[in-house]
Amino acid sequence: MRVLVTYQMSNKQLQASTDLFIRQFKWPRIVAVASVIAICIFYIGVSWPDRAVPLPPGPRPAHKSSGSLPQGFSGLTHLLHWPLTPGDGGDLLASTSPQTSTYHLRSPAQTSYTLGGYLEAILIARDHQGRPKAHGGDLFRAQLLGPDLKAGVPGDVTDLENGTYLLTLPLLWAGQAQVQVRLIHSSEAVGVLRGIWRDQWATVDFTGYFRGPTGYEETVTCNVNPLLIGEEEGTCHYRDEDSGELWFCARPPTLPCDSLVGHSSGRYWNVTTPHEEALLARNVTNKTLPQGIPPVWVAQENNRSLVLSPAQPCRPGIPAPRPSGFYHQNVWHSLSCSSRSFSTADSILRCLAGHVVHMMGDSTVRQWWEYLRDTVPALKPVDLHATYHTGPLMAVDTTRAIVLHWRTHSWPLRSLRTPVAALHSVVRELGGLAGGPHTVVVLSLGAHFTTFPPSIFVQRLAGVRAAVAALLAREPGTLVVIKLANTGYKSVYGSDWFTLQVNRLLRAAFVDLRVAFVDAWEMTSSLALPDSIHPGRCIVRNEVDFLLSHVCPT
């Protein structure tokens, strides 16, 4: 089966088709999402009604009946709610400052606190002149840390939308605990990010490589929307027959559209003004607030020094509490199920014996494949003569019948040059799996979608959700694990604020399917470690251990 269907359209034809499409589907409100097209139109038409930019022709979904998302997912405006910042944010000194914002205990300090209780604090946001803010919308991150115990847990930050925030931090280990608060982005900076997400069709582009029969090559610009390419002469239009998604490249000067052989990252666009760049500058981004609360002491409870994980084994479909877990001695303790530690190569091999693991998505889940390859000598990499950073990659242990696969998802993908033929959609890969109790699927989506409006990610989610639902319908014993996006970038191209929205959509898309989640956001925001899109070995080890806790729950 041909995966890509290509054809050429002029810009005038594209615009006419787009305008017709918008006229046909400009509904006042969509209550239920029944197809990929409806999802995209609903999001842009309802969530941000001031957008008047036409859309490209919508793809036909690969699975019509199972492609609709849960009813709660149709309320995208609610899912992506964030308090608005009044005014235009033109005064830099009026933006929230990490140096002048303060926090304090909500109640008088105690000599010691009870294990399993909570610590509450009030945070007052202030601008650079020390004036209290009168509105919310800042992105603060709170942690409770136990440096001597290598412990940490994310706190809950409730925006009261009046310039104050309620911090709630669970007391999950006995001993010393220290509150730490960081300003990731001021409300004014979030306003910049929100505007870019709403008004920009993209903040990056890509390069397509076309090759003729003699080896002669031509390169052009490609993207998710034909009107982003900026070419007047025409457009090459590609449709993935499995996912229904569309991709567009400018027409090469002499070569035909079906001669596309390579793909790579292109340019990062300049989408900010000097004032906006100042709001997102390093000196005001991801900065720790002055210490507002002295270290507290948490007493043991009935000779227990930790809040214990639940006794129930880790299974798909278990609701996730907040927080979903915490670290102690650099080991993640789940609060949703009885997570296990796989500290030796033999324990990992015993768990994975007889399993085929398919990891699909971005490079953060490739780290899982690399961790298992590097930790377990018996897992031998197989040279598939593929581009390493996009895959496919494979490692096997033939004695124990273990196979580990990883491959990246298809475009949009920021990468070095890679063959187009190697860029398989996740929907295509899932559709080719028989599934069963020896099949494990791990999906990591989101990191490459923060440079586009959320409708592009919603479209991807609709197709992937349909494929996951079909896989679980034909083989309910298949284990499907969704890795949430982790902390890392702090720019207009991949901010943590974008990642929070992506994770909200990920959870909503799969909430009613029997899948498991690995909350990489919390696992990368609990310890006193620098944020990195590619976290260190300690974090990756705990993420993989939680995956294996679902493969081998007992």
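The questions and answers below concern a predicted model of a protein. Local features need pLDDT of at least 70, side-chain atom pairs count only at pLDDT 80 or more, and totals for chains, interfaces and linings use all residues. Residues are numbered from 1 along each chain as its sequence is written, and side-chain values use heavy atoms, with hydrogens and water left out.

Reader: How many helices and strands are there in the protein?

Author: Both kinds of element are DSSP runs, numbered from the N terminus: helices (H or I) have at least four residues and strands (E) at least two. By this rule there are 12 helices and 26 strands.

Reader: Is Ser97 buried or exposed?

Author: Ser97 belongs to the loop between α3 (76-79) and β2 (102-105). Buried means under 20% relative accessible area, exposed over 50%, and partly exposed in between (1.4 Å probe, protein chains only). The relative accessible area of Ser97 is 1%, so Ser97 is buried.

Reader: Which residues does Ser97 touch, not counting residues up to four places away in sequence?

Author: Contact means heavy atoms within 4.5 Å. With residues up to four places away in sequence not counted, Ser97 touches Arg126, Asp127, His128 and Leu183.
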